[in-house]
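Dear colleague,

Please find below the structure that I am handing over to you. My notes on what was found in it follow.

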Amino acid sequence: MVAIVRHTISFTAPLLACRRASGFRSSSFASAFLCFRSPHTALSTPTSSTTCRRSWSYRAGGDDAGGSFEVVQFPCLADNYGYLIHDQTTGETAAIDTPCAASYRRELDKRGWKLTLILNTHKHHDHVGGNLELKTEGVTVYGPACDGNIPGMDVSLKEEDVVRFGNTNAKVIDVGGHTIGHIAFYFPAEKTAFVGDSLFSLGCGRMFEGSKQQFWSSLQKLRNLPDDTLLYCAHEYTESNAKFAMSVEPGNVDLMKRVETIKARRARGEPTVPSMVGDEKLTNPFLRGDLSAEIRKNVGASVSDSNADVFGKIRREKDNFSG
Ligand SMILES: [Zn+2]
């Protein structure tokens with residue numbers, strides 16, 4: 001049975017210099033971060049902000065529910081998000097991918113946490129580039145079994161494997177398509193999934209290696225997670241994804257509302273990640289090819305097209321979309 005989980009957010013004070021490439025504005029960040037139909041409650045806001053190197057902290061379970069699972073999110077490289085998860089009971093800390101070792105070290109040092117696990121979603125450099133630098137004594141590196149070289153990998157994972165972390169478990173979901181062996185880490189008790197570059201907020205990863213059948217099958221697995229599951233993807237692409245989504249499904253009222261929320265949040269320099277499965281189902285065109293006649297028409301799908309064919313056409317439209 002899955003425990004009822006309450007998610008809370010706290011804000012940490014911004015650090016040192018503004019990094020322009022992060023995409024985060026350096027303006028004051030005084031308003032609460034509220035998801036579109038969010039389960040989140042903001043615990044606090046920073047008192048001042050003249051910088052943009054920020055991090056956001058989420059706790060699943062809440063203090064009074066005994067929740068001990070904390071997610072820290074921070075910008076890395078140009079538009080990646082780095083994630084650390086921490087189990088307060090056991091003291092274990094895991095990195096979800098390693099776009100930039102320096103950013104991870106900074107966030108670990110800030111909290112006095114010691115890294116124990118690295119959980120890699122796929123082989124791309126902006127996901128494994130910090131592995132070897134962060135793999136000090138006592139750090140175990142987990143990664144996909146069938147995705148090519150994962151630097152320093154100790155344990156290879158496939159669909160339905162389970163990774164023990166602190167007092168909870170992550171289920172491995174095969175979400176190949178962006179790369180052939182891409183995996184996601186799903187924590188059912190925390191209603192949280194780290195999905196790398198498979199599913200983005202209002203988008204999905206480019207289909208570099210997999211087939212449309214494989215990718216569509218992967219996205220259906222994520223779509224079938226409970227509606228209130230938080231999806232942590234690896235990039236802040238939502239605003240540009242929203243333009244494409246509006247171009248193929250302009251009549252979707254839920255999408256229109258969500259786009260307004262996204263614009264407002266980005267204008268305040270806030271992340272649009274995580275999002276929730278329920279919201280993605282209503283608004284993400286890559287999850288809606290079998291649901292929306294408007295999308296099928298706008299990507300030129302015919303009645304004989306399979307759902308995977310329609311997904312392939314949506315993906316191709318997006319690849320050629322100039323916005
Ligand atoms: Zn990638």
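I begin with a loop. P274 lies in the loop that runs between α6 (253-267) and β16 (275-276). The bond that joins V273 to P274 is a cis peptide bond, with omega at about 10 degrees. Please bear in mind throughout that this is a predicted model.

Helix α6 also holds V253. This residue is exposed, because 9 other C-beta atoms lie within 10 Å and the cut-off for exposed is 12 or fewer. The C-alpha atoms of V253 and T283 are separated by 8.9 Å, and the two residues are 30 residues apart along the chain.

As to the whole, the protein chain contains 9 helices and 16 strands. Of its 323 residues, 49% are buried. Among contacts in the chain with a separation of 6 or more, 61% are between residues 24 or more positions apart.

L77, in the loop between β3 (69-76) and β4 (80-87), is not a glycine, yet its phi is positive, at about 50 degrees. L77 has 17 C-beta neighbours inside 10 Å and therefore counts as partly exposed. L202 is found in the loop between β13 (199-200) and β14 (203-204). Its phi is near 65 degrees, again a positive value in a residue other than glycine.

Helix α3 (residues 131-134) includes E133. With 15 other C-beta atoms within 10 Å, E133 is partly exposed.

The buried residues of α9 are V310, F311, G312, K313, I314, R315 and K318. What covers them? The cover includes α4 (212-223), α5 (238-248) and α8 (293-298).

The pairing of α4 with α9 can be described in more detail. Their axes are 9 Å apart, and the helices pack at an angle of about 95 degrees. Because an angle of 65 to 115 degrees counts as roughly perpendicular, α4 is roughly perpendicular to α9. On the α4 side, the residues that meet α9 are K212, Q213, F215 and W216; on the α9 side, their partners are N307, A308, D309, F311, G312 and R315. By class, this contact has 4 nonpolar, 3 polar and 3 charged residues.

Finally, there is the nonpolar core. In soluble globular proteins, nonpolar side chains tend to be buried together. The largest nonpolar core here has 74 residues, and the members that touch the most others are A184 and V195. Which residues does V195 touch, not counting those up to four places away in sequence? They are V175, A184, L222, L231, Y232 and C233.

With kind regards

Notes. Residues numbered from 1 in each chain as written. Predicted model: local features only at pLDDT ≥ 70, side-chain atom pairs only at ≥ 80, totals over all residues. Buried ≥ 20, exposed ≤ 12 C-beta atoms within 10 Å, placed from the backbone. Helix = DSSP H or I, 4+ residues; strand = E, 2+ residues; numbered from the N terminus. Contact = placed C-beta atoms within 7 Å. Axes fitted to C-alpha atoms, helices over the stretch in contact; angles between N-to-C directions. Parallel < 35°, antiparallel > 145°, perpendicular 65-115°, else oblique. Nonpolar A, V, L, I, M, F, W, Y, C, P; charged D, E, K, R; others polar. Core = buried A, V, L, I, M, F, W, Y, C linked by C-beta atoms within 7 Å.
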